[in-house]
Amino acid sequence: MRIAALQMHAIAGDSEANIERIAAAAADAAAGGAKLLVVPELAVTGYGAGETAFARLASPATGDVARRLGAIARDNGLAIVTGFAEQEGAHVYNSALFTDGIGTNAVYRKSHLYGEYERGVFRPAAPASVMVELGGIRLGMLICYDVEFPENVRRLALAGADLVIVPTALPKGSSGTFIASHMIQVRAFENQVFVAYINHCGADDRFTYAGLSRIAAPDGKLLAEASAEGETLLFAEIRPEDYAKSRSENTYLVDLARQG
């Protein structure tokens with residue numbers, strides 16, 4: 001399956017502009033043969049929108065944001081994974097939506113909130129294995145900081161994920177560079193899964209983002225990567241059967257199960 005991923009310069013607090021940008025990327029992704037488009041954490045609102053804007057722009061899991069993104073997915077014949085602010089009752093979650101526009105929707109809520117900014121706005125969710133299937137590929141979802149805890153990726157791998165999708169809002173700096181340049185490939189290698197780690201670029205009034213989006217394969221090699229600056233639409237082929245040799249040499253999951 002061919003996937004696309006947009007390293008995106010979202011406009012903080014402007015959902016209309018961001019949804020229009022996602023729609024344009026979906027058209028480009030479909031034209032490039034992709035069956036899935038991934039965009040960053042809180043791409044609909046912009047990560048740096050702030051508490052007041054998140055409260056105003058948050059949408060229920062079956063609300064207007066999901067309907068509009070579902071229509072974009074349907075019109076372009078692909079599925080979309082995007083970060084959005086999810087409203088449920090009095091709570092707002094930092095969530096990721098999967099929609100194919102033809103009946104399959106799934107929502108993952110971030111379990112590990114990063115820093116006072118996120119903890120001041122969002123409610124953390126319990127760690128969960130949210131899985132969907134697309135084109136014979138089993139997809140699991142995490143969000144940003146979640147992937148830095150190896151237990152989260154391992155849980156999805158043990159549940160049968162082929163591809164772990166990670167919308168992110170990684171800030172610029174030495175730590176961010178290390179995470180993108182080293183940790184993501186290790187997560188893919190140690191769990192024998194594909195990892196799509198898709199970030200913002202540029203800056204808003206609160207944050208400057210690292211860019212460096214990447215899609216890693218089970219053998220730890222990069223299938224696609226973006227630079228630190230500028231919007232980029234990445235493409236990659238997700239073919240688990242091509243990595244049988246890697247799985248036979250790196251039997252972490254099998255050996256872990258034996259120890260259990």
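Among contacts between residues at least 6 apart in sequence, 68% join residues at least 24 apart in this protein. Keep in mind as you browse that the model is predicted.

Let's take the overall fold next. The secondary structure comes to eight helices and 12 strands. The radius of gyration is close to the value that the globule rule gives for 260 residues, so the protein is as compact as a globular protein of that length. Of the 260 residues, 54% count as buried. The overall figures sit side by side here:

| Quantity | Value |
|---|---|
| Radius of gyration of the protein | 17 Å |
| Box filled by the C-alpha atoms, along the principal axes | roughly 50 × 40 × 35 Å |

How many cavities of 30 Å³ or more does the structure hold? There is one, and the largest cavity contains about 40 Å³ of space. Its lining draws on separate stretches of the sequence: Met-8, His-9, Ala-10 and Ala-12, then Gly-46 and Tyr-47, and finally His-200, Cys-201, Ala-203, Asp-204 and Tyr-209. By residue class, the lining of the largest cavity divides into seven nonpolar, three polar and one charged.

One of these lining residues, His-200, deserves a visit of its own. His-200 is placed in the loop between strand 9 (194-198) and strand 10 (214-216). Is His-200 buried or exposed? With a relative accessible area of 2%, His-200 falls under the 20% cut-off, so this residue is buried. A polar atom of the His-200 side chain lies 2.6 Å from the backbone oxygen of Glu-41.

Definitions and conventions. Residues are numbered from 1 along each chain as its sequence is written. This is a predicted model: local features need pLDDT of at least 70, side-chain atom pairs count only at pLDDT 80 or more; totals for chains, interfaces and linings use all residues. Side-chain values use heavy atoms; hydrogens and water are left out. On a 1 Å grid over the protein atoms alone, a cavity is a set of points where a 1.4 Å probe fits but cannot get out, and a pocket is an open set with protein on both sides within 12 Å along at least five of seven lines; lining residues have an atom within 4 Å of a point. Grid points are joined across faces, edges and corners, and a volume is the space filled by probe spheres set on the points. Ala, Val, Leu, Ile, Met, Phe, Trp, Tyr, Cys and Pro count as nonpolar, Asp, Glu, Lys and Arg as charged, and the others, Gly among them, as polar. Helices (H or I, at least four residues) and strands (E, at least two) are DSSP runs, numbered from the N terminus. Buried means under 20% relative accessible area, exposed over 50%, partly exposed in between (1.4 Å probe, protein chains only). A polar contact is a pair of N or O atoms within 3.5 Å; within protein, one must be able to donate a hydrogen and the other to accept it, and residues adjacent in sequence count only if both atoms are side-chain atoms. The radius of gyration is taken over C-alpha atoms; the globule rule is 2.2 Å times the number of residues to the power 0.38. Contact means heavy atoms within 4.5 Å.
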